[in-house]
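Please take a moment to look over the chain as a whole before turning to its details.

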Amino acid sequence: MAVREDVDGEVRWRSETGPAIEAEYGPGAHGATDASVLDGIGRPGKPPYTRHIYPTGYRERPWAPSLYSGFGRPEEANERYRYLLAQGNGRANVASDLPTQIGLDSDDPLAMGEVGRVGVALDSLADFEVMFDQVPLDRIPLSFNVNTTAPIVLAMLVATARKQGVDPAALSGTIANDILHEYLARGMWRNEPTGALRLMADVVEYATEHTPRLYPFNIRSILLHESGAHPGQEIGFTFAIACRYVDELIARGLDIDDFAPRMSFFFGTGTHFLEEAAKFRAARRLWCRLLAERYGASKPASLRLKLTSVAPCGSHFTAADPQLNLVRGTLGVLAGALGGVQAMLGTTIDEAYDIPTEETQRLALRTQQIVTLESDVCATVDPLGGSYFIEALTDTIEASAVEQMELLGGSEGVVEAITSGRAQGMLAERAYELENELARGERLIVSENIYVPDEIPSLELHQADAGLFEERKGTLAKLRSERDAAAVDAALESVRHALVEGTNVVQPMIVAAEAYATIGEISRVIDDVLGVYQQPTGV
């Protein structure tokens, strides 16, 4: 949000990126004339794609709503996906629990207390089969927010498609596969960075050849936004990471125009929807320039930044007066819509308490549908384009993003910046600054530090199943007693051989998945070869 300051008795405002917001913007803003503004932003669907990656914007095809969901047992997640798809949700957007994300089976002692709590518990192909029962994988896009276990999940998806009689080439959707953001902003890493980058590249290499409709990246700058990053940091840090991935893939021998068209990004969004819209515009322009000038990408699809946004990030929702979060959600939808994103994840009013209920997810989905169908944001492309204020913000954010990339050392220095803790320190300083602004009342949040309610209204919240850990232990014991143990051992040995020899691990993992090896068992083989990462003290 814009920050209000009182400087020597004069009220001033500044943007999240830092510069002051002027009371009025005109043709001379940032040295621009009407003609030079048009030269700088181009036309929709044309490089540098400031205004939109497609010439018609949303006029023919609105953004895709994409609510994130999953909890408890695979059966419960399946029921929720089928409900949301029937309500108009654009895809099955899978939230897996933390043990699944980090490669722990549900019966691992370290998983106790987290099984099925913030997502669905997934251990083997058997769970994937149940989760996607009556979800036609050749017609419904899928999204998985997994990074550490991305190659295993890709293997499970391919094996599930085959079980359904679906050609894996028909799979569509995204896998996050963005391990560096885990070290930087969330902590769901397992192996040391060099080995983790190798697994990232294995996923992209396999997907490029065998699953051409599945995006093997959904690079998650949202994690930076939730950590407090300002728009320039969100873009700059993320593009430094993305370029590191590109460098890794090119070093492996992949052609930029073979994989860049299927790189997608997941940006955070706040309630300051004008600046957020400008952020998306700046990101598109900078990405186009990076891919063309640094990497020589020539296909138009390589130069187009594909964006998913959240409407808005859960960190902008309050526990007090949770019904007001529906208004904040609407502002987030407007930010994404006016910024020209391709998909939008809706945040629910109970986000500050627990994972969503069916009813709160329906409200979040209907909010997007109302903006799409009952407003005029889809009527024209880039409705904010040419606004003196928006164009000045777009220029400022792009310049800030370039500066932030340089502070990290670009793609060459980003891994060192993360492993040394330097990048995390920059985010921590920004987060500390935000908290101080809240405490001083410079940053106002209704029901949080202004208009605070006397009582917190009640909400019907999701209730996690405390007995799921023991139940899943029994499920896994049954699976292990019924599967072909020799086939599992042979498949896991093939995974180990691929890791040792440096060949792509995804195909051996598919064989292991089809033998009903578990995610935890495959992860332990990876640990044996690549090692477990120990974060340096103080990072």
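What follows is a guided walk through this model.

The model is a predicted one, in which local features need pLDDT of at least 70 and side-chain atom pairs count only at pLDDT 80 or more, while totals for chains, interfaces and linings use all residues. Residues are numbered from 1 along each chain as its sequence is written, and side-chain values use heavy atoms, with hydrogens and water left out.

Along its principal axes, the C-alpha trace spans about 75 × 60 × 50 Å. For 539 residues, a compact globule would have a radius of gyration near 24 Å, and the 23 Å of the protein agrees with that; this radius is taken over C-alpha atoms, and the globule rule is 2.2 Å times the number of residues to the power 0.38. Of the 539 residues, 58% count as buried, where buried means under 20% relative accessible area, exposed means over 50%, and partly exposed lies in between (1.4 Å probe, protein chains only). Among contacts (heavy atoms within 4.5 Å) between residues at least 6 apart in sequence, 78% join residues at least 24 apart.

H19 has 17 residues and reaches 24 Å from its first C-alpha to its last, close to the 24 Å expected at 1.5 Å a residue, the expected span being 1.5 Å times one less than the number of residues. Which residues of H19 are buried? They are Val488, Ala491, Leu492, Val495, Ala498 and Leu499, and because they cover an arc of only 115 degrees around the axis, they lie on the same side of H19; the arc is that of the directions from the helix axis to the C-beta atoms. An α-helix has 3.6 residues a turn, so residues three or four places apart point the same way. The buried residues of H19 pack against helix H7 (193-210), helix H20 (506-514) and helix H21 (519-530), whereas Ala486, Asp489, Val500 and Glu501, on the other side of H19, are exposed. At the start of H19, a side-chain oxygen of aspartate 484 reaches to within 3.1 Å of the backbone nitrogen of alanine 486, and after H19 comes glycine 502, with a positive phi near 85 degrees.

The side chain of serine 315 makes a polar contact with the side chain of glutamate 226 at 2.4 Å.

Elsewhere, the loop between helix H4 (125-131) and strand S7 (142-144) contains glutamine 134, which has a positive phi of about 65 degrees although it is not a glycine; at 56% relative accessibility, glutamine 134 counts as exposed.

Technical notes. Helices (H or I, at least four residues) and strands (E, at least two) are DSSP runs, numbered from the N terminus. A polar contact is a pair of N or O atoms within 3.5 Å; within protein, one must be able to donate a hydrogen and the other to accept it, and residues adjacent in sequence count only if both atoms are side-chain atoms.
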